[in-house]
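I opened the model today to look up a handful of residues and strands. These are my notes, entry by entry.

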Amino acid sequence: MHETDIHDLSDDADYAAASKQGSSSMTRTDSSKQRSSNDPKDAEIVYLKDNVTIHPTQYAAERISGRLKLVKQGSSLFMTWIPYKGQSSNTRLSARDKNLYTIRALPFSDIQSIRRHTPTIGWQYVIVVSSGLAFPPLYFYSGGVREFLATIKQHVLIVRSSEDANLFLVNNFQDPLQRTLSSLELPGSLANRTPSSLGSPSDGNLENNHILEDGQLRSVQQNNKQRQKSHDPARDISIQVLEKFSLVTRFARETTSQLFRESLVDGHGPTEKRRTNWASKDHQSQEMVSNDVEIVPKRVHVPSDPLEFDKLSLVWGQPRQHPLGLQEWSSFLDSEGRIVDPDALKKRIFYGGVEHNLRKEVWTFLLGYYSYDSTYAEREYVVSVKRSEYETIKTQWQSISPEQAKRFTKFRERKGLIDKDVVRTDRSLSFYEGDDNANVRHMHDILLTYSFYNFDLGYCQGMSDLLSPILFILKDESEAFWCFVSLLERLGPNFNRDQSGMHSQLFALSKLVELLDSPLHNYFKQNDCLNYFFCFRWILIQFKREFENEKTLRLWEVLWTHYPSEHLHLYICIAILKRHRSKIMGEQMDFDTLLKFINELSGQIDLDPVLREAEALCVYAGENGAASIPPGTPPSLPIQDSSMYHQQDDEVL
């Protein structure tokens, strides 16, 4: 970003108002410079705010309140948010749940941006992005956002985005190369990273080196240089999450979590022993060198699996069957084309999938393009009506003139992201390979049309990965669009800016592992892996990077049956983890090692046994498993009167 595009905070109304209140807000934060018993000697609290709240779910009643602090140590500024001990508006939120969201000594050198939201009705909240990870929104129920920003301004360089007055950039003012989830396609790339590179969001060279294959990186970099006006580097929180997820490491968090040894504000309980001089760059450098040395992991005793997993699938899971063929498919239809028994059909597809040449017809039912009780004639009418409706929506962006586009920032931003993403999505498939490929253009048009159909959600990186297999099977732009719309009715929350959809699924995954394998859950807890971010990619794009194309198609049609659970994908995660629990626990994998190991499983997972094991886990968990998943957790079926994935940027919970 050019310097002329950066706006200083001096013209920000909130900052100006807070500065004028120097005798109140600033004096209050200055007077807070006393240290608690757990603060380092040379640390001072420059800002303290009580009753700052997060919401782990979409339900307003489920909230966790805590204390937000800005702490200065030397020339460095750190942010902490510690939940109150023993205080919660909902009994289901235990102390362990609260600990998942605790922010301990996050250095501003790792923070990229802070987004402020001021609803017309309700409370202000901010979203902090660090190393590509957007923390849960922090709600200021008793005010204090402007003082928070003004205090930060006093100690670190923070500027307003030139394109979004509510977005504040910290440390990072250059336009990074926008990346798609293809950055997660090369699991081996993590093997060559050092802890310093993993923890440094400013290392653009490293981030970009593992993005594309076959020389595509160079061409995209050249195209990026040719752009006269770049995207704002933190314009969309969800994009940042998708771009830099693989950089979230325990190393980055461990080296910045030592400022206070308090586990809870009112508890002052001891935490695990860590480095004391954690702010020392020399000490960090020494640790980086030591981490570069390859050490053969020691095997330790692994607690036995409480479910005897190797036997569970034989008892609770049924064998896989051959795919559904044309003759058998015909037996599910009556003379007018209606599906006679939809539940039986879904169950059959769950156990065997569908033959490839039949997928185009069957997928339209699984994805809701046709209703199961529709006739041949009714389906012909649906095709005609939907095609006309699609063309109407498509015309909306096709009719935008260059002059209009200059004044339509959202359109330019989304179109720019789509333009870059479609040319590097599944290009290894013959369906999408080659220059000037018509199918790539169809993908582009569908995604841009969807951004107008659902303007609130728009386009986020990762959506092209979900669309590609649908277009590959249906080979029709209009039909692929409407099936994609239906899919995002379920998976849209994965792309919420506040990550609410992803957080709820990772939270549910944690609860299910605790239910089905408490030793493994305890191991993750002891090794700071309880956030389950190593499963992020699996859930976000439904295991698309873990299997070859044919197996991905088989897996997706199985998941779309919602048999035996609409959250079967979470049980698949558990099945994969349990398959490797002995290695994970026996080699004492920490977060970094586990993330690398999980990424390297890509292409190494045997789908059919995993599906059988996931079914067995789901059946065994029963009602207890269902109770562990919060209501509304994606991919729930869409609500009749409103879509689940509408953004909540400016609405009170």
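**Entry 1: the model**

I am working from a predicted model. I keep that in mind for every distance below.

**Entry 2: salt bridges overall**

I first ran the search over the whole structure. How many salt bridges does it find? The count is 28. As background, side chains of opposite charge can pair when their charged atoms come close. I then went through a few pairs one by one.

**Entry 3: Asp50 and Arg67**

I looked up Asp50 and found a salt bridge to Arg67. The closest N and O atoms are 2.8 Å apart. Asp50 sits in strand E2, residues 43-54. Arg67 sits in strand E3, residues 64-73.

**Entry 4: Arg387 and Asp476**

Next I checked Arg387. Its salt bridge partner is Asp476, with 3.3 Å between the closest N and O atoms. Arg387 belongs to helix H15, residues 376-398. Asp476 is in the loop between helix H19 (463-474) and helix H20 (477-491). The partners are 89 residues apart in sequence, so the bridge ties those parts together. Arg387 is partly exposed at 33%, whereas Asp476 is buried at 17%.

**Entry 5: Glu403 and Lys406**

I found Glu403 and Lys406 in helix H16, residues 402-406. They are three residues apart, about one turn of the helix. Their side chains meet in a salt bridge at 3.2 Å, N to O. Glu403 is partly exposed at 42% relative accessibility. Lys406 is exposed, because its 56% is over the 50% cut-off. I also logged a network: salt bridges that share partners join Arg359, Glu550, Arg554 and Glu557.

**Entry 6: Arg414**

I moved on to Arg414 in helix H17, residues 409-422. Is Arg414 buried or exposed? It is buried, because 8% relative accessibility is under the 20% cut-off. I then asked what its side chain reaches. The side chain of Arg414 comes to 3.0 Å from the backbone oxygen of Phe455. I listed its contacts beyond four places in sequence. They are Ser451, Phe455, Asp456, Leu457, Gly458 and Tyr459.

**Entry 7: strand E6**

I checked burial along strand E6, residues 111-117. Seven of the seven residues are buried, so the strand is largely enclosed by the rest of the structure. Which strands does E6 join? Strand E7, residues 125-130, runs antiparallel to E6 and is joined to it by six bridges. Arg116 stands opposite Val126 in E7. Strand E11, residues 167-170, is also antiparallel to E6, with three bridges between them. There I found Ser113 partnered with Leu169 in E11.

**Entry 8: Gly462**

I found it in the loop between helix H18 (438-453) and H19. Gly462 counts as buried because its relative accessibility is 0%. I took one distance from it. The C-alpha atoms of Gly462 and Asn494 are separated by 9.6 Å. Along the chain, Gly462 and Asn494 are 32 residues apart.

Definitions and conventions. Residues numbered from 1 in each chain as written. Predicted model: local features only at pLDDT ≥ 70, side-chain atom pairs only at ≥ 80, totals over all residues. Heavy atoms only, no water. Helix = DSSP H or I, 4+ residues; strand = E, 2+ residues; numbered from the N terminus. Buried < 20%, exposed > 50% of the residue type's maximum accessible area, 1.4 Å probe, protein only. Polar contact = N/O pair within 3.5 Å; in protein donor to acceptor, adjacent residues only side chain to side chain. Contact = heavy atoms within 4.5 Å. Salt bridge = Lys/Arg side-chain N within 4 Å of Asp/Glu carboxyl O. Pairing = 2+ DSSP bridges.
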